[in-house]
Amino acid sequence: MIFPRFRRDARSDTISSLYGMIVAQARLPCFYQDYAVPDTVNGRFDVIVLHLSAVLERIATEPTLRAVGQGLFDRFWEDMDHNLREMGTGDLAVPKRMKALGEAYYGRAAAYRAALANSDPAALAEALKRNVYVGAEAGAPRRLAAYMRAMVGTLADQDAATLVAGGGTLRFPDPHAIPAPDEVRG
């Protein structure tokens, strides 16, 4: 075909749909108002990474979704490249910035994976405090940790067919339903 980039297929529609759902969830104002995530470029990156890493971990449990997971990961990096350029980062500086973003992504994803596997419930709040809430009070990381644990559970309950059916469907917990910091323990 002469114009393969203009051809749409079911997998690319699924990837676009899934990525759009991740970004839409990460842009909810409550993360920046109620959860006290800094409303900055870095804060927004952190909330997208938090959601994306959880979704990719879920997808990784299904061998049949490996291509969708890779496509979703690639779509994220295309978006990061596009955003850097849109913010005015010059062509020569983009690779250096992308490398820094890559290191940040992999570091955070590994920290969250290890903290979620840790039997100490405070481990995830500590990882979030180091990565999202530099110098913040203890309550905000605990609430985001409770949300992240709820998100991992919600994603685990979704079967593979649902994730890719109809262009891709993700369900996330309602962040408003997670108790405020003084009500969260661990």
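Which residues in α6 meet which residues in α7?

## About the model

This is a predicted model, where local features need pLDDT of at least 70, side-chain atom pairs count only at pLDDT 80 or more, and totals for chains, interfaces and linings use all residues. Residues are numbered from 1 along each chain as its sequence is written, and side-chain values use heavy atoms, with hydrogens and water left out.

## Where α6 meets α7

Let's answer the opening question. Leu124, Ala125, Leu128 and Lys129 in α6 meet Pro141, Arg142, Leu144, Ala145, Met148 and Arg149 in α7. Contact means heavy atoms within 4.5 Å, and helices are DSSP runs (H or I, at least four residues), numbered from the N terminus. The residues of this contact divide into seven nonpolar, no polar and three charged. Here Ala, Val, Leu, Ile, Met, Phe, Trp, Tyr, Cys and Pro count as nonpolar, Asp, Glu, Lys and Arg as charged, and the others, Gly among them, as polar.

## A look at Asp46

Now find Asp46 in helix α3, which covers residues 41–60. Is Asp46 buried or exposed? Asp46 counts as buried because its relative accessibility is 4%, where buried means under 20% relative accessible area and exposed over 50%, with partly exposed in between (1.4 Å probe, protein chains only).

Leaving out residues up to four places away in sequence, Asp46 touches Arg108, Asn131 and Val132. Ala26 is 20 residues from Asp46 in sequence, and their C-alpha atoms are 8.9 Å apart in space.

Notes:
Helices (H or I, at least four residues) and strands (E, at least two) are DSSP runs, numbered from the N terminus.
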